Amino acid sequence: MNNIKIKVKDQFETENVARAWIRQANDQELPLFKRIEHIEIEGEIILPNMELLYENPKDGRIYKFIEVL
């Protein structure tokens, strides 16, 4: 599994840098945002929800993938 740096934005429009762990696509043509297994921000591992958003249960912030850095 590879990891890359990405930019995410929270519900307050604050941009943050996160590390994303990416699943292999196998022979499928999936967009990158659908292949992110989880992200890490400030040492916290955050899993995606059904809408492919990342909610930190400790502080309630919700992150959305913006772009690869």
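This note goes through the confidence, the sheet and the salt bridges of a predicted model.

1. On confidence, the mean pLDDT of the protein is 92, and 99% of its residues reach 70 or more. Within the protein, confidence is lowest in helix α1, residues 32-35, where the mean is 88, whereas strand β2 has the highest value, at 96.

2. The sheet is the next thing to trace in the structure. It is an open sheet of 6 strands, which follow the order β4-β3-β2-β1-β6-β5 with antiparallel pairing. Because β4 (44-46) and β5 (54-55) stand at the edges and each has a single partner strand, one side of each is left without a neighbour in the sheet.

3. Strand β1 (residues 2-10) runs antiparallel to strand β6 (residues 62-68) and pairs with it over 5 bridges, with V8 standing opposite F65 in β6. Strand β2 (residues 15-22) is joined to strand β3 (residues 36-41) by 4 bridges, again in the antiparallel sense, and here A20 stands opposite I39 in β3.

4. The hairpin of β5 and β6 deserves a separate look. These two strands run antiparallel and are joined by 2 bridges, and E55 has I62 in β6 as its bridge partner. Between the strands of this hairpin there are 6 residues, and G60 takes a positive phi near 80°.

5. The count of salt bridges comes to 6. One of them joins the side chains of D10 and R61, at 2.3 Å from N to O. Since D10 lies in strand β1 and R61 in the loop between β5 and β6, this pair ties together parts that are 51 residues apart in sequence. Is D10 buried or exposed? With a relative accessibility of 4%, D10 counts as buried, because the cut-off for that word is under 20%.

6. Another salt bridge links K58 with E44, whose closest N and O atoms are 3.4 Å apart. K58 lies in the loop between β5 and β6 and E44 in strand β4, so the pair ties together parts that are 14 residues apart in sequence. K58 counts as exposed at 66% relative accessibility, while E44, at 24%, counts as partly exposed.

7. Finally, K7, K9, E13, E15 and E67 are linked in a network of salt bridges. Within it, the side chains of K9 and E13 meet at 3.4 Å, N to O; K9 is partly exposed, with a relative accessible area of 23%, and E13 is exposed, with 56%.

How values were computed:
Residues numbered from 1 in each chain as written. Heavy atoms only, no water. Pairing = 2+ DSSP bridges. pLDDT = per-residue confidence, 0-100. Salt bridge = Lys/Arg side-chain N within 4 Å of Asp/Glu carboxyl O. Buried < 20%, exposed > 50% of the residue type's maximum accessible area, 1.4 Å probe, protein only.
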